[in-house]
Amino acid sequence: GSQMQDTTKQIQVFYEMKVLSGGATELREIAEKMVAMNATEEPGTLVYNVYFNDDETLFTYLETYSDSETGLFHAGRFAEGEYVGQILERTDGGRLCFYGDVSNEFKTWAKDNGFEPEYFGLIDGFVR
């Protein structure tokens, strides 16, 4: 049989933003560039998916990192990179949630960089 992975160190991220009128097409293009870049340059990023709801008014990231360290590595690249401004110009507020064993270093970084995440601790679970 297949062994289940130890996922206790994984961090998951839900980041949902309201799309400003007319921003959806450009957000789609930005997302495709970000996905290609992160796929190449971030081996610790295990899942990185971007979604629109049906009427393209909500733009959502679902991400999984192997641990806090790789999550922080991604976050730093995002905050310092060219795409964060392009996204924030086309969205209006949203909800950022972190799930799992988020380090104090990561929490401090988020606060210092103006993010206000909600944090959720793991009760139990598995990944096959």
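This is a predicted model: local features need pLDDT of at least 70, side-chain atom pairs count only at pLDDT 80 or more; totals for chains, interfaces and linings use all residues.
Helices (H or I, at least four residues) and strands (E, at least two) are DSSP runs numbered from the N terminus.

Local features here need pLDDT of at least 70 and side-chain atom pairs pLDDT 80 or more, while totals for chains, interfaces and linings use all residues. Residues are numbered from 1 along each chain as its sequence is written, and side-chain values use heavy atoms, without hydrogens and water.

I noted Ser68, Gly71, Leu72, His74, Ala75, Gly76 and Phe78 as the buried residues in α2; buried means under 20% relative accessible area, exposed over 50% and partly exposed in between (1.4 Å probe, protein chains only). These buried residues pack against β1 (11-19), α1 (24-41), β2 (45-52), β3 (58-65), α3 (83-88) and α4 (104-112). At the N-terminal end, Asp67 caps α2, with a side-chain oxygen 3.2 Å from the backbone nitrogen of Glu69.

**Thr45.** I then turned to Thr45, which lies in strand β2. Thr45 is buried, at a relative accessible area of 14%. I found Thr45 touching Thr64, Tyr65 and His74, leaving aside residues up to four places away in sequence; contact means heavy atoms within 4.5 Å. The side chains of Thr45 and Glu42 make a polar contact at 2.6 Å. A polar contact is a pair of N or O atoms within 3.5 Å; within protein, one must be able to donate a hydrogen and the other to accept it, and residues adjacent in sequence count only if both atoms are side-chain atoms.

I recorded a volume of about 240 Å³ for the largest pocket. Among its 14 lining residues, Tyr15, Gly93, Gly94, Phe115 and Glu116 are the closest to its centre. A pocket is an open set of points on a 1 Å grid over the protein atoms alone, where a 1.4 Å probe fits, with protein on both sides within 12 Å along at least five of seven lines; lining residues have an atom within 4 Å of a point. Strand β4 gives the largest share of this lining, six residues.

The second largest pocket holds about 210 Å³ of space. I listed its lining residues, including Thr7, Tyr99, Phe120 and Val127.

Definitions and conventions: Grid points are joined across faces, edges and corners, and a volume is the space filled by probe spheres set on the points.
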